[in-house]
Amino acid sequence: MDVSVNWLRALAPGMQGSATELADRLSLQAIPVDRVVSVGDGLEGIVVARVVEAARHPDADRLTLCKVDAGRDELIDVVCGAPNVEQGALYPYVPPGESLPGGFVIESRKIRGEMSHGMLCSEKELGLGRDSGGILRLDGEFTVGQGFAEAMALPDARLELDLTPNRIDLACHLGVARELAPDDGPGAVPPPFDGPGWDASWADGVSEAEAGGVRIVIEDADRCNRYLGAIVRGITVGPSPEWLQARLRGAGARPINNVVDATNYVLLELNQPLHAFDLARLGGSEVRVRAAEAGEKLRTLDGVDHELTPVATVIADAETAIALAGVMGGEDSEVTLDTTDLLIECAAFDPRHTRHTARATGLATDASYRFERGIDETGQESAIRRCVELILAIAGGVADSNGLRVGSPPPANRVVALRISRIGRVLGLDLSVEEVTRLIAPIGFDTRPKAVDSDVLLVTVPGWRGDVTTEADLLEEVARRFGYDAFPRQPRSFRPSAVPDCADRGRADEVRSLLVSRGLYEARSVPFVPAGRSAESRIPLLKPLSAAEGFLRTDLIPVLLGRVEHNWSRGHRDIRLFEVGTVFGRRAGDQAELPADATPEQRDAANPFSEERRFAFVLTGARLPVHWGSESPDTDMWDLVGLVEELAEELGFGTVEPGLEPDESSERTFGFDSWLDEAVVHVGGNGGLTGVAGRVRATMIDAPRWSAPVFAGEFRLDPIQTEDQREYQSLPQYPAVSRDLAFTLATSVSVADVERTIRAAAPPLLTSVRLFDVYEGDKVEEGRRSLAWRLVFRAPDRTLTDPEVDGAVAGVVHRLEDDLDVRIRAS
Amino acid sequence: MATDGRSLRERLEEIRQRGISAIRSATDRDEVEQARVEYLGRSGLISQAMSELRDLPVEEKPETGQTGNRVKGELETTLELRLSEIEAAAAASAPTTSVDLTLPGRRSWRDGIHPVTRVIDEICEIFREIGFTVATGPEIESDWHNFTALNIPLDHPAADMHDTFYLADDRLLRTHTSPVQARVMLAHEPPIRVLAPGLCFRRDPWDASHAPAFEQIEGLAVDEGIDFIEFRSAIDFFVQRFFGAGTRTRFRPSYFPFTEPSAEVDVTCFLCDGSGCSTCKGTGWIEIMGSGMVNPAVFDAVGYDSEKYTGYAFGMGPGRIAMLRYRIPDIRLLYEGDVSFLEQFG
């Protein structure tokens, strides 16, 4: 919303301060001002001039030789390149020696052999607008030779407001002027027009009324609370006087003709959307507010054809739809230069229905914007009167003494109770009744103390403040008028939160610090994925922004692999990333229909979707940063397994189990088994599968030839133990004895089985078992491999003797020979 | 050593003088060792002298014994000092190594927490000091939690502020972290002071300053006796801590359906110190959060007594703050996972 500071000053005489100061006051007390734009600075030398003669330049088709009357003794020769220069019309003219805004000085010069003394200007050259398609034609009553800035009511400043949805009252100049008017003055008041007044006698009706030969019918009261009509006959349509054009231009609106300009003026001044119909073109001289018929056609003012459904509300004459109610007029009933008689509409269309009409037709207009947010229903009579009086002043004609008024009477102003004690409790301010009144009365809130309760102030809310409905809303009025920045700063004592820290946060912190300590970067991504190899559980967005981001991810890995590909495309070979994030799925089973008044718990229970917090990592490239002194082989499976083992141990979420099957009972399984080669590490925890890891299948990624194999893992966050379960173990008092044991056995026996067997066979004296060599090759039989282990024995209460240790080792060997068919090589 | 009729104490004094000069004149470790053996060794001069102690008359024993110990200590100190002097001199004159120590050393991988996580962590830590804990909520929400509970009617232009990703009629990707407010209040009784960091979603196509998903941090404090002054002061405390002492705040009226009064919070631009730059569009102020006193309608929706409890709530974008703080020009950089980007925050 753009407002003109000149217009504001006209509405609130005595308003002090520069445009920037006014903008600051609005920002700090009402709504943000995005920008303050000066309009019409540097136009001092420019005058209004008439092109008396216009002739083609002898040597250039596109140039015109003009004789210009700028109010001097003689006519001036000007060569003009604009396509729209017209004999007899008025334009802004820069005489030689004067400058354009920005300082460019115009000189007399020869153009294609013809002298040109000065220049006729476009809107853009004057810094008034963007139109550079032609010179600015001045329609209206101007005096030749008059200063252009003065004629255009310039300079001015434009405030670009960032309207919040609640403050629709600030979408007009009067509303903004109210906020800025001096507190001790008369406030903001629209000045009268120079013309006859209009005091209508009203023809009333609940659903219809007739007067002056026109009938107004509201067929559906849900769609329209009220419809006011006024009839003006015998007008002359033409350009508006310059003061009006200047007002509209100052607010960023384009002047069209005096009738349309009058309705726009009242819209921008008072916030009431009005519409003028050409009365002669209303079939049956009647208008009806009704639902559109299915398939009903209407061409709107912008020339677009609409085929309507009953969702839309229309204004119709006796035969057909002529306007979209509250949104836009129709082309067929539009005011034209031939129009002489008008029906002026000032209606209160229902916000929701207006929204539906606008949505159904894809239109969003100044009118629909206001109706959707709610207009001031108490201000309609004054608005239509102002519009009629303006038309009488600038387009002539005679207003029918009868106005039409159909629908329910305007609502009474709301009265909201405000407790002085509540101001103290919520705002912390100790204000008296008088102080509160002084703060909010200047912006239209009438106050009176409640007779029986001195704590309560009864506040009458002005009709334009539909957003103020509760005591809390009034507290905001008091607070902002008091000035948010005027509040004292006093730190208060507080009670700490009764809400415990959520466990996931601690878990994510542990994961982050662990993976960062292993040399990984944290990535963050947007959890959208393309359809691709669609899984059943994948959830589509109903209105995605693009096909590439059409679904919610079910796993983190694919998104991280996308990051890997991005890094490859930038030439990075060594990539180590992790992410902590959410994955999504569907819940099994049907969810019950929810009643409209369902409890929050019922709503959660009926959620057909599920989500889970996870973390994932990817590793590819060198195991260690390149160093001149040592080789750095690529990351391999054992780096992956080692990292997973460390994660499982340090985060306490289970053990690494090679053969564990994906867990079907879980709501969300790790759906990317197909992403990984068969070398998959499943990590099992108490509650089932907690994660998987492995090498990423080469076919699943778009890898350049120079890239290294990619390893990835993904894990649930919730099995992570955040409690510190460490307990001190007393330090050993007696020395340990270690024995190495090497043997061959069938390759089909896993190392994990061997370790289990060793541990099961040895007494508690065995404190550690470590594999230190694996050999498969010529020196052992085919189908077998050699494993070498170091066994460490220790007793807590004595030094072990050799025979004791020998006995323990012998026990282990027997057990291995019996259970796993091992052959001892050395011990 | 001849006694020459001198007392044992006199002889000890002589040993001291000779010993000190012998040690001081030693030029390498071997000579120091020789001196040590001669004077301090098991059968060195001091030991010999002290062995005579037993022959002295009782009344002379204590004083002479003390003298012996003092001389011994003094020689030991001198010896250690000389030894370290010799070592220092040896180190200084040692031939230079043949290794070129300007060769780069062996390093580990660089690593790093994401800049947005850094900002979130820092914000959480600051609010922790004034009694806040951390809560989370689901990213898929019901329309009730996301809108209705927060006093946003579904069929109202206020809902236009959030262009929403719907998944089903009544399920959506949360458009803000504010539904966590409702969830926390439904599950707990005051005093409540929570922060809720998390991802939110809006149908904004990707460009330099928009992403369809982005982080937000919600804050909520509810208790008896919380007023606007406490709210302002708490936000001031945070701003001074996070942006630096001396940073000023400015509260402006704004509109959020779930707070009343509502305020937008500006801080003095930390890039130009308020003098006006391109980041703050010449205003000297940067908008950092939306906030306000909790609207009683929200308390009603979660079954709190709005007469008993008051509170404040706020929300800010750690991604935006990270972009301002680190001068990151394009939001897409936060989500690309580019190694060259991430290593800058390691």
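**One residue and its setting**

A: Beyond its neighbours within four places in sequence, T64(A) is in contact with A54(A), A55(A), H57(A), V78(A), V79(A), C80(A), A82(A) and V85(A), where contact means heavy atoms within 4.5 Å. The model is predicted, and local features need pLDDT of at least 70 while side-chain atom pairs count only at pLDDT 80 or more, although totals for chains, interfaces and linings use all residues. Residues are numbered from 1 along each chain as its sequence is written, chains are lettered from A and ligands numbered from 1 in the order in which they are written, and side-chain values use heavy atoms, with hydrogens and water left out.

T64(A) belongs to strand β4, residues 60–69 of chain A; helices (H or I, at least four residues) and strands (E, at least two) are DSSP runs numbered from the N terminus. T64(A) counts as buried because its relative accessibility is 15%, the classes being buried under 20% relative accessible area, exposed over 50% and partly exposed in between, with a 1.4 Å probe and protein chains only.

As for the chain around that strand, chain A has 18 helices and 41 strands, and 50% of its 827 residues count as buried. Among contacts of chain A with a separation of 6 or more, 70% join residues 24 or more positions apart. The radius of gyration of chain A is 41 Å, whereas a compact globule of 827 residues would have one near 28 Å; the radius is taken over C-alpha atoms, and the globule rule is 2.2 Å times the number of residues to the power 0.38. Along the principal axes, the C-alpha atoms of chain A fill a box of roughly 130 × 85 × 60 Å.

Chain A also meets a partner, and the contact takes 96 residues from chain A and 100 residues from chain B. Together the two chains bury about 8700 Å², of which 57% is on carbon and sulfur atoms, buried area being the accessible area (1.4 Å probe) that two parts lose on being put together, summed over both. On the chain B side, W109(B), I229(B) and P253(B) lose the most area to chain A, together 10% of what that side buries.

L79(B) is classed as buried because its relative accessible area is 10%, and it touches I23(B), V32(B), R36(B) and L40(B), not counting residues up to four places away in sequence.

Some backbone values call for care, since most residues other than glycine have a negative phi, and most peptide bonds are trans. The bond from P190(B) to P191(B) is cis, with omega near 5°, and P191(B) is found in the loop between α7 (179–187) and β5 (192–201) of chain B. Another cis bond joins E260(B) and P261(B), with omega about -5°, and P261(B) lies in strand β8 (residues 259–268). In chain A, N271(A) has a positive phi of about 75° although it is not a glycine; N271(A) sits in the loop between α6 (258–270) and β15 (275–278) and counts as buried at 10% relative accessibility. N151(B), with phi near 70°, is partly exposed, with a relative accessible area of 31%.
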